[in-house]
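Please examine the sequence and the three-dimensional structure shown below.

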Amino acid sequence: MPEDRPTLPPVRLHSEAELARDALATPLLTRAVRLARWAGPDTRVGAGGELVDEQLPAAAEELGLGAEGDGPAYASEAWRAAVDTGLVEVQDPADDDAEHGTVTAGENLAVITSGAPQDILAIWLDALEAVHADAIAPLLDDLADAIRADGEIDYEALDWDPDAEAEFLDGVLGNLYLLTVTEHGAGDEPVPLPALAASMIVPDDMGEPTDDVLEQVSVAMMRLDDQFRLFEPVGLVEYRPVDEALMAEEGEEPAPPVDDEDVSRYGLVKLTPLGLYGIRARMLEAGIDAPAVGELAGKGADVLLDGLARYPELAARAETEQWLARREPADSARDLLAAARGADAGAPLRRLHCQQALTLVGPQAEPAVRAVLDDVELGGLARVWLAERGASDVPAPPESMIFWLAIDTIAAQLDAADGDLEELQGLVEGLVGRHSGFFDAAWRVEHPGTAEVLEAMGRLHPDKRVAKEARKAAFKARSRSGG
């Protein structure tokens, strides 16, 4: 298995144009743009760039939120986003006697209407970073309790570790991302909040969680509930909040974190297409390898085949289709076959992906495929491809090529199996069953993976007698090669 295989599967992203449209439609950015256009010379802001309290009702009215209730709070949030994303510029007071700063349009306000999709997405990412910072900030009640008599915050009493808060939240978002992009994972289905909280708290080797662990999960769920409520307006997630009837009153025990009858009451969260883009962008910024389908489309055939080694089946097909769409079929076939050669550890899997890619090329690949019929490494897969297409005049392979292809195929499948060996076991049984005296011939095959493959066949074959033959053949192969 390639040593550089990343821990994250490739994500299938929407186009930048689609994502930019999604970004512009998010409630937070929409409101921020409206307030940036509303602001003028008479707009008053405080020392931190925030709208003064007297301005908030008017700002809320501008957004159609009403001057009462939560309207001013939403307006304040949207204004902070406008400042953080450069939609407005705030200047400090010109002199010490001035009470308020002044506001002018920011450079990014024009970008909203005239910028390229990537420019829009850069603005949205700034908004996401600002919301992320708010999400890990101390709770207001905790802040109030930590204010000293002189009005300053007692950070020791606050007991707040921003690094630990960020690490926990990023871990949750990373797990949600992984569940979304992994084949047979959550996909487009929402993930229950208890499962996300438990993924960060309950040890993998713990059977039944203890009461203490369950209480930690409950506390984490409530914190995540607050955080996902913040992330929804910026378009990161679709979120169904925790049912308020489950919230524990002061002095009461919190509700249990799992209810098999209606888990949706405990919160359901799903990353949006824009959210997938945003989490991936943050991961890349942090130096995490987070591949995306389409990244290999402009690369050579050698990079494609090596890259597909780390892709699950559906993503590999999508990546291959994008790569082929940029090239002429005949040229693609020649390049793929050339890149599939080699005796290194990754070569068998390259040949497997080459064979799979050729099935998408069509009949235009036939001349290139016929040109390698006599090639030791490629002749076997060429015959398989031609036979599957019902081609005529396909020469019968020599026995040595049959066994070489068998060893190469199993070597590739061992590399691709990633722990799932059920299908490979069926392949091994089928090969041995079709060829009498398989191991007498197989140990002589001049393939760099012969001994390793035969050892694996010995582990995989359920018949003890056959498994013993495989192990003997592996010993012979090692003795012959001097290994």
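Which residue lies over the face of Tyr74? Arg31 does, at 5.2 Å from the ring centre; a charge is taken to sit over a ring if NZ of Lys or CZ of Arg is within 6 Å of the ring centre and within 35 degrees of the ring normal. The model is predicted, and local features need pLDDT of at least 70, side-chain atom pairs count only at pLDDT 80 or more, and totals for chains, interfaces and linings use all residues. Residues are numbered from 1 along each chain as its sequence is written, and side-chain values use heavy atoms, with hydrogens and water left out.

Helices (H or I, at least four residues) and strands (E, at least two) are DSSP runs, numbered from the N terminus. Three strands form an open sheet in the order β3-β5-β4, with antiparallel pairing; two strands pair if DSSP finds at least two bridges between them. Its edges are β3 (191–192) and β4, each of which pairs on one side only. Between β3 and β5, which run antiparallel, there are two bridges, and Val191 stands opposite Val269 in β5.

In what follows, buried means under 20% relative accessible area, exposed over 50%, and partly exposed in between (1.4 Å probe, protein chains only). Lys270, with a relative accessible area of 22%, is partly exposed, and Glu238 is likewise partly exposed at 43%.

In total, the structure holds 19 salt bridges. One of them joins the side chains of Asp331 and Arg334 at 2.3 Å, N to O. Both residues lie in helix α15 (residues 329–340), three residues apart, about one turn of the helix. Asp331 is partly exposed at 35%, and Arg334 is partly exposed at 45%. Another salt bridge brings together Arg351 and Glu377 at 3.7 Å, N to O. Here distant parts of the chain are linked: Arg351 belongs to helix α16 (residues 347–358), whereas Glu377 lies in the loop between α17 (366–370) and α18 (379–388), 26 residues away. Arg351 is buried, with a relative accessibility of 2%.

How many aromatic pairs does a search of the whole structure find? There are four, where rings of Phe, Tyr and Trp (its six-membered ring) pair if their centres lie within 6.5 Å; planes under 30 degrees apart count as stacked, over 60 as edge-to-face and the rest as tilted. Phe228 and Tyr239 have ring centres 5.6 Å apart and planes at 40°, so this pair is tilted. Phe228 lies in helix α11 (residues 211–231) and Tyr239 in strand β4, so the pair ties together parts that are 11 residues apart in sequence. Phe228 is buried at 0%, and Tyr239 is buried at 7%. The rings of Phe403 and Phe438, with centres 5.5 Å apart and planes at 50°, also form a tilted pair. This pair links helix α19 (residues 399–417), which holds Phe403, to helix α21 (residues 438–442), which holds Phe438, across 35 residues. Phe403 is buried at 7%, as is Phe438 at 2%.

A nonpolar core is a set of buried Ala, Val, Leu, Ile, Met, Phe, Trp, Tyr and Cys residues joined through side-chain atoms within 4.5 Å. The largest one has 73 residues, and those with the most contacts inside it are Tyr177, Phe228, Phe231 and Leu236. Helix α6 (residues 117–135) supplies the largest share of this core, eight residues. Apart from it lies another core of 31 residues, including Leu304, Val361, Leu373 and Leu381. Beyond its neighbours within four places in sequence, Leu236 is in contact (heavy atoms within 4.5 Å) with residues including Trp124, Leu128, Phe231 and Lys270.

Notes
Salt bridge = Lys/Arg side-chain N within 4 Å of Asp/Glu carboxyl O.
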